[in-house]
Each structure stands twice: as C-alpha cells, then as structure tokens.
Amino acid sequence: MTPEVAMQKRKQVIRDGYCVVDDILTEEFLEELREESERLIAGHEPPPDVRYQGQHVGVRGVDNPIIQKLLDWPQSRRALEQMGFGDFESTGGIIILTKDPGEPALYWHQDWMLWNDPMSCSPWPQTMFVSYYLTDTTIENGCLKIIPGTHLNRIPLHDELIPAHEQGARFIEEDHPVMFSDHPDQVNVFAKAGALVLADARVLHSAHRNLTDERRTLILAWHKRPMTIPDNWEDDIPGVIANRDPNQEYVGSRIPRELLG
Ligand SMILES: O=C(O)CCC(=O)C(=O)O
Ligand SMILES: [Fe+2]
C-alpha cells in the first residue's frame, strides 16, 4: 500500500467503519489456511444455536502454529501500522465462521460489548475485526453487508434490532423481517480471497445467505487497542472521553444506549 492509499483506508475506517485491503495473504498461505480450516471444521460439531454464523470454531494461536502464523502475518501488521492502527493487538485467537451451501443469512448486528463505557463514542476504532475470506465473496455466496457510519451514528434500525448472538439473535426465525432485511444504505463488501477486511466492532453488519454449492469460509481475528486516546489522534476528543475515569469499572452491554449519537 502506498502511504496515500493507507491514509485513504484509515479515513474510510474512521468515517464508514470498515475498509478492505487487497493482496495481504499469499496464494500459498491461503492454500495452507484452506486445508487447516477444513481439518479443524471436520473435527468440530457445531452447536445448533450458531447456525447463522456457521461452524463457529474458535482456535488459539498457542494451540495451532498455522493460526499463530496468521496472527503474526507481517503484511497484516504492516497494513495496520501504515493505516495508523499499529497499537491494535490480536486477542490471541481466531474464529472460523462458515456458510455452507444453502445456509441462511447472518442477521444485522454490531459486536461492541461495552456500551456503558464512555469510550463507546470514540471517533477512532477501539475494537476491530481483522477478517480473511478464503474464497472470493459475492452476493450469491454470502458476502458481508455493512451500513457505513453506523458505528458513530444511530439509525432507526438500531432500535429495532434484537441484540446480537448469545443475547438473543441466535434464537430468531430465519424469516425475521427486520434482522434479515435489506437496508437502502447497505454496502455489499466484496472481498477477494487473501484480502484483509477490517471493521469497527460498532458498525452494523450482516451477511447474505449462501446460494452457491461451495462453502464460504471466513477467519476472523478480533483486535483491540488500549482504552486510551491514541497517540496519533489529532482531531477532536469527545468530552466524555477526555473526562473518563480509567479506574471505573463499566458493566458490559451489547445495547447502544445514550452513548450512540
Ligand atoms: O459471516 C460474516 O461475514 C460476518 C460474521 C460476523 O460478523 C460475526 O459472526 O459476528
Ligand atoms: Fe459480527
């Protein structure tokens, strides 16, 4: 990435809540990840409640050298640094998420779990998923959809959603009219295999159903930065963050209340 492109991607993450950086993984490493993910999936019995996310296999780098190699992948590290996100660290593991042929869509959700913490309204990202799709993604095979800007700004959909994952959405019906809806502002995120898809945990996202006869596999690695104002932040800092007490404990919550504008 040239410095200009990196700056443009950084701005996109801050403004829209996501970006895609092409050509991060080599074809050889992708092949290794395809084989390893198939091996891990074969030894896994998916619990029925995660069917909207697919297999949902969690693997820690300390337990698997190929996964550790992905978490340490120099091109990904370099891309994060070039975008000014060098203070993000992986949580040490990944989740393999699949959509097998015919499997349903993923519901609208966001993944930030600290909505009681003033840091929730940071104009910079605090938690991001670093995702790699192992096949090219299209509407037909279940690509990601994102509603740009929803990490910072409330839209009516926020107040109509059932909270993500274990907090409710795993147990909804496949024809839920809101959770699986199309939104006029949604963007389909087409990712080439080996690209890095970066998104702010707060942004509203979902994925299409897989209408093809091939499995769509995603390896998702959560990354976090410290609960501080970034050293390289030059824009305004919200008052609630400037005055935030770092020693206070905030009860976790997946529901955006007053801290989402
Ligand atoms: O399947 C995808 O493309 C996205 C997965 C996701 O956002 C999640 O499981 O939280
Ligand atoms: Fe998600």
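The following is a set of questions and answers on a predicted model.

Trainee: From which number are residues counted, and which pLDDT do local features need?
Mentor: Residues are numbered from 1 along each chain as its sequence is written, chains are lettered from A and ligands numbered from 1 in the order in which they are written. Side-chain values use heavy atoms, without hydrogens and water, while in this predicted model totals for chains, interfaces and linings use all residues, side-chain atom pairs count only at pLDDT 80 or more, and local features need pLDDT of at least 70.

Trainee: Which residues coordinate the iron ion (ligand 2)?
Mentor: Donors are N, O and S atoms within 2.8 Å of the metal (3.2 Å for Na, K and Ca), and water is not among the atoms, so sites may look incomplete. Along the chain the donors follow the spacing H-x1-D-x93-H. At 2.1 Å, the iron ion (ligand 2) is coordinated by His109 (NE2), Asp111 (OD) and His205 (NE2).

Trainee: Are His109 and Asp111 buried or exposed?
Mentor: Buried means under 20% relative accessible area, exposed over 50%, and partly exposed in between (1.4 Å probe, protein chains only). By that scale, His109 and Asp111 are both buried.

Trainee: How much of the accessible area of ligand 1 does the protein cover?
Mentor: The residues around ligand 1 (those with a heavy atom within 4 Å of it) include Gln53, His109, Tyr133, His165 and Arg216. A polar side-chain atom of Gln53 lies 2.7 Å from an oxygen atom of ligand 1, and for a polar side-chain atom of His205 the distance to an oxygen atom of ligand 1 is 2.9 Å. Accessible areas come from the Shrake-Rupley method with a 1.4 Å probe, and for residues only the protein chains shown count as cover. Of the 300 Å² that ligand 1 has on its own, the protein covers 96%.

Trainee: Which residues does Ser76 touch, not counting residues up to four places away in sequence?
Mentor: Ser76 lies in helix 4 (residues 74-82); helices (H or I, at least four residues) and strands (E, at least two) are DSSP runs, numbered from the N terminus. Ser76 counts as buried because its relative accessibility is 6%. With contact meaning heavy atoms within 4.5 Å, Ser76 touches Ile24, Tyr132 and Leu196.

Trainee: How many salt bridges does a search of the whole structure find?
Mentor: Side chains of opposite charge can pair when their charged atoms come close. A salt bridge is a side-chain nitrogen of Lys or Arg within 4 Å of a carboxyl oxygen of Asp or Glu. One of them joins Arg15 and Asp16, with the closest N and O atoms 3.0 Å apart. The search of the whole structure finds 16.

Trainee: Why are Arg39 and Glu36 separated by about one helical turn?
Mentor: Arg39 and Glu36 meet in a salt bridge of 2.8 Å, N to O. Arg39 is exposed at 51% relative accessibility, whereas Glu36 is buried at 9%. The separation is about one helical turn because Arg39 and Glu36 both lie in helix 2 (residues 27-42), three residues apart.

Trainee: How many residues apart in sequence are the parts that Asp87 and Arg225 tie together?
Mentor: Asp87 forms a salt bridge with Arg225, the closest N and O atoms being 2.8 Å apart. Asp87 lies in the loop between helix 4 and strand 3 (89-90), and Arg225 in the loop between strand 11 (216-224) and helix 5 (239-242), so the parts tied together are 138 residues apart.

Trainee: Which backbone oxygen lies 2.8 Å from a polar atom of the side chain of His151?
Mentor: His151 is found in the loop between strand 7 and strand 8 and is buried, with a relative accessible area of 1%. Leaving aside neighbours within four places in sequence, the contacts of His151 include Val13, Asp200 and Leu260. A polar contact is a pair of N or O atoms within 3.5 Å; within protein, one must be able to donate a hydrogen and the other to accept it, and residues adjacent in sequence count only if both atoms are side-chain atoms. The backbone oxygen at 2.8 Å belongs to Ile14.

Trainee: What distance separates the C-alpha atoms of His183 and Ile147?
Mentor: His183 lies in the loop between strand 7 (144-146) and strand 8 (187-189). Ile147 is among the residues that His183 touches. His183 and Ile147 are 36 residues apart along the chain, and their C-alpha atoms are separated by 7.8 Å.
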